[in-house]
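Biologist: I have this one open for the first time, so could you walk me through it?
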Amino acid sequence: MPLVLVSFSSLYQAQEATMRNVIAALSALPVRALVTTGPTLDPAQFEVPAHVQIVRSAPHGQVLKDAAVMVTHAGHGSVLRPLMEGVPLLCLPMGRDQNDNAMRAAYRGAAITLAPDASPERIAEALTRLLDDPAYRQAARALGESIAQDAAARSAAQALEALV
């Protein structure tokens, strides 16, 4: 069964209702899921089915190596890290830079973006599309490779030399 990683902001963004809708969507899907709540939410406040594990934190770098999809608020790091691993995204942006990040990933074909108050049915439908259509994973890999190449081409030394 494919693994879905769910992770929202480590800062509080009133994400409880969104997380409950995502968990409800996962309940109906043939997946394994790992939900991380971050430091601001208590995992005990959420009821999860047997195929969903909920914890405060997990080593995302390691988990992403096995993940088929990531559900995220679309913060900067929560978009870059999965894409650099070739993992497509379901983005539920809640503010700040998140809307822009989500729309850019969706424009490149590596994500689907929904409103944070999307119903469990819409979330399940989007997850099914991300899992079943290999074009999302291909786009995530291509975008991730582009991001990695850009990051490798930049260095502190180059930035300092440019200033001089």
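Biologist: Let me start with Arg137: is it buried or exposed, or something in between?
Modeller: This is a predicted model, and in it Arg137 counts as partly exposed, because its relative accessibility is 22%, where buried would need a value under 20%.
Biologist: Where does Arg137 sit, and what is it in contact with?
Modeller: Arg137 has its place in helix α6, and, leaving aside its neighbours within four places in sequence, it is in contact with Ala67, Ala68, Gly86, Val87 and Pro88.
Biologist: And how far is Arg137 from Glu47?
Modeller: The two are 90 residues apart in sequence, and their C-alpha atoms are 30 Å apart in space.
Biologist: Which residues does Leu26 touch?
Modeller: Not counting residues up to four places away in sequence, Leu26 touches Val4, Val6, Val31, Ala33, Val35, His51, Val52 and Leu127.
Biologist: You listed β4 there, so how many of its residues are buried?
Modeller: Six of its six residues are buried, so β4 counts as mostly covered. Thr72 lies in this strand and is buried, with a relative accessible area of 0%.
Biologist: What does Thr72 touch, then?
Modeller: Setting aside residues up to four places away in sequence, Thr72 touches Ser7, Phe8, Ser78, Leu89, Leu90, Cys91 and Leu92.
Biologist: Which strands are joined to β4 by bridges?
Modeller: β1 is joined to β4 by five bridges, and the two run parallel; within that pairing, Leu5 has Met70 as its bridge partner in β4. Strand β5 (residues 89-91) is joined to β4 by three bridges, again in parallel, and here the bridge partner of Thr72 is Cys91.
Biologist: How does the chain get from β4 to β5?
Modeller: The chain crosses through helix α3 (residues 76-84), and this β-α-β crossover is right-handed.
Biologist: One more helix: which residues of α4 are buried?
Modeller: In helix α4 (residues 98-107) the buried residues are Gln98, Asn101, Ala102 and Ala105. Seen down the helix axis, the buried residues of α4 fall within an arc of 95 degrees, so they line one face.
Biologist: What do those buried residues pack against, and what is on the face turned away from them?
Modeller: The buried residues of α4 pack against α3, β5, β6 (111-113) and α6 (134-153), whereas the face turned away from the buried side carries the exposed residues Met103, Arg104 and Tyr107. Just after α4, Gly109 takes a positive phi of about 85 degrees.

Technical notes: Residues numbered from 1 in each chain as written. Predicted model: local features only at pLDDT ≥ 70, side-chain atom pairs only at ≥ 80, totals over all residues. Heavy atoms only, no water. Contact = heavy atoms within 4.5 Å. Helix = DSSP H or I, 4+ residues; strand = E, 2+ residues; numbered from the N terminus. Buried < 20%, exposed > 50% of the residue type's maximum accessible area, 1.4 Å probe, protein only. Pairing = 2+ DSSP bridges. Right-handed = clockwise from strand over helix to strand, strands pointing away. Arc of directions from axis to C-beta.
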